[in-house]
Amino acid sequence: MTDLCEGGMDDLWSIATLLLQVWFSVMIGLIMIPAMFGLSLGVTSVYIQILVKILEWATLRIQRGHRDQPTLPVPAPLPNGLIQREGGSMEQEMGELRRYRTQSISRGEFALSDSFYFYRKGLESIVDDQVTQRFSSEELVSWNLLTRTNHNFHYISLRLTVIWGLGVIIRYCVLFPLRITLAIIGLSWLVIGTTLVGFLPNRRVKNWLSELVHLMCYRICARGLSATIQYHNKNNKPQKGGICVANHTSPIDIVILANDGCYAMVGQSHSGLMGVIQRSMVRSCPHVWFERSEMRDRHAVTSRLRAHVAAKSNLPILIFPEGTCINNTSVMMFKKGSFEIGGTIYPVAIKYDPRFGDAFWNSAKYNMVSYLLRMMTSWAIVVNVWYLPPMTRQEGEDATKFANRVKSAIAHQGGLLDMAWDGSLKRDKVKEEFKEQQQKMYSSMVVGKKARNSQEPHTESTRR
Amino acid sequence: MGSTNSTLSKIPNVEELVQETGFTPAHIVRLYDRFEALDKEKTGHLRPQDFGAINRLAINPIGDRIIGAFFSPGQETVDFHSFVRILAHFRPADKKRPKDPSMPEPVNSRTSKLKFAFQLYDQDKDGKISRAELLQVLRSMLEMQVTEEQLESIADRTIQEADLDTDDAISFEEFRKSLEKVNIDHKMSIRFLR
């Protein structure tokens, strides 16, 4: 009896080891080695095509389902807000409000209807506002079988539910373990590889090897997210001694960009696992890691970056001037610090395709670990990266104007909205200056261009 | 499947709301989502601070008054029903509705919108906009951009123009008369996309 059991156990073990062997050889053979050399077996593109077909089918089913059940009012998600906004400026609208006035005073004077403009604007912002929209994930018009992206979803048909269930099983049980393994391999290879390269003395060989190691492990990590990246305009790729500037949607942006070139990272030095990775990376090529105390001193930061850029043989620095993650529908204000360093700026626009997975990191809602888990259980990450032609600060242009110029170029290329708001608004209250701006604009309509301090003589006022 | 199965079922007395305000159920669902987004602590009520967190509203010169319009005197919170009722004032007028004198005035008719605007001026609700109340509104809209004398002369002139019974205040009828040529429906309406 026991012999049989032991025999059974042995069988189980041998089956298990066999499976593991197959697993690993598949991984190494089909995924890692091509990844290391930048080749693709085309599996991912086939996968994406199949996915698109399935998602289109799912959307059609939902639409048909809606038509059959007219009593359920499920409004379609709207990408740019709930309400129709009048495009006119304050002057235009006030002018229209005052048209009824029969007296000949066209400019200046207060009208009781002036306040309607402000009421309406105020109520519009209560119903819907542009800034808060940017900090929550985009709602999709179609549905990509991930309940997290469609808030209005509800039960439509059995078939759809079955497909969704299958999707869950595939994502969590097949794709997820695969991706985790790849991620672990990628990261450990980064640490080991860079440490090994760090022992080499020779300059040229060391640099070449360190670039190779970095590229390989970022490629493995990208495979670990099923990322399909399309690079455009590769001739504008950032050169050594320059500064690369991009819009920020998630921490994955670094992996995306580093798949095609080597960059010097800039950031705070962490402890723990991140710290280990950071320290080993520095051994093979210079990155710029700051202590927390140093970050406060803007001069120290700028001078260190400047020194790095000045050494023309150093890799280009990668900076995200928005300062925080935005949901990839717009580009928020760029902080001018990065643009004061000097040197050539290479702008890069990154746009994620939301159909396959929402890449935005809402740091208020999710911490890093749960974010990465969500990423690894999405279908795929499809990204478009555009390299824009290099820009430099012109004569007489101050850092803020330059920053805005770069921002517009990036927004234009990526098809994102160019917003004047500050990314830090999601945490701080808005400044008083904006309110004063509104008041200034309004007052110029009421009292005309008179200086604030001049006393109006009585005769002038009666003449009006 | 999905976390918000039927939002409509979560909202109590939807039928009543639809009748009263004229919003479609789809609009009410959207407004409910917005209400929940503003209600960060998930208490089911909004307080003035929740409105204050809206950036565009914070820079609006009369933002405080607009927020005040949502809260009845003495109340510190506003629930979803009241939220929708106030917003219903800004719904575009229904052109096809027949004028039925026996039905109560719909909340988004021209008169109701004007009344709403009047109340934003008339903070003490005595039925008249006094000179002091007008000055207050002017001060919020112009703050430091004009001198006190300029403010006062503007207020004087406005009252002079609108005040027909020379009681140095603007009543609702005078308010309405002075704005009779303004296209209120256009200027005090918010149109929902779909």
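Leu373(A) is placed in helix H12 (residues 368–376) of chain A; helices are DSSP runs of H or I with at least four residues, strands are E runs of at least two, and both are numbered from the N terminus. This is a predicted model, in which local features need pLDDT of at least 70 and side-chain atom pairs count only at pLDDT 80 or more, while totals for chains, interfaces and linings use all residues. Residues are numbered from 1 along each chain as its sequence is written, chains are lettered from A and ligands numbered from 1 in the order written, and side-chain values use heavy atoms, without hydrogens and water.

- Leu373(A) is partly exposed, with a relative accessible area of 40%; buried means under 20%, exposed over 50%, and partly exposed in between (1.4 Å probe, protein chains only).
- The loop between strand S7 (345–352) and H12 of chain A contains Gly357(A), which is buried at 8% relative accessible area.
- Gly357(A) and Trp379(A) are 22 residues apart in sequence, and their C-alpha atoms are 6.1 Å apart in space.

**Helix H7**
- Helix H7 (residues 203–223) of chain A has 21 residues and reaches 30 Å from its first C-alpha to its last, close to the expected 30 Å, which is 1.5 Å times one less than the number of residues.
- Buried residues of H7(A) include Lys206(A), Ser210(A), His214(A), Cys217(A) and Cys221(A).

**Cysteines**
- The structure holds 0 disulfides over all chains, a disulfide being a pair of cysteine sulfur atoms within 2.5 Å.
- Cys173(A) is exposed, at 53% relative accessible area, whereas Cys262(A) is buried, at 14%.
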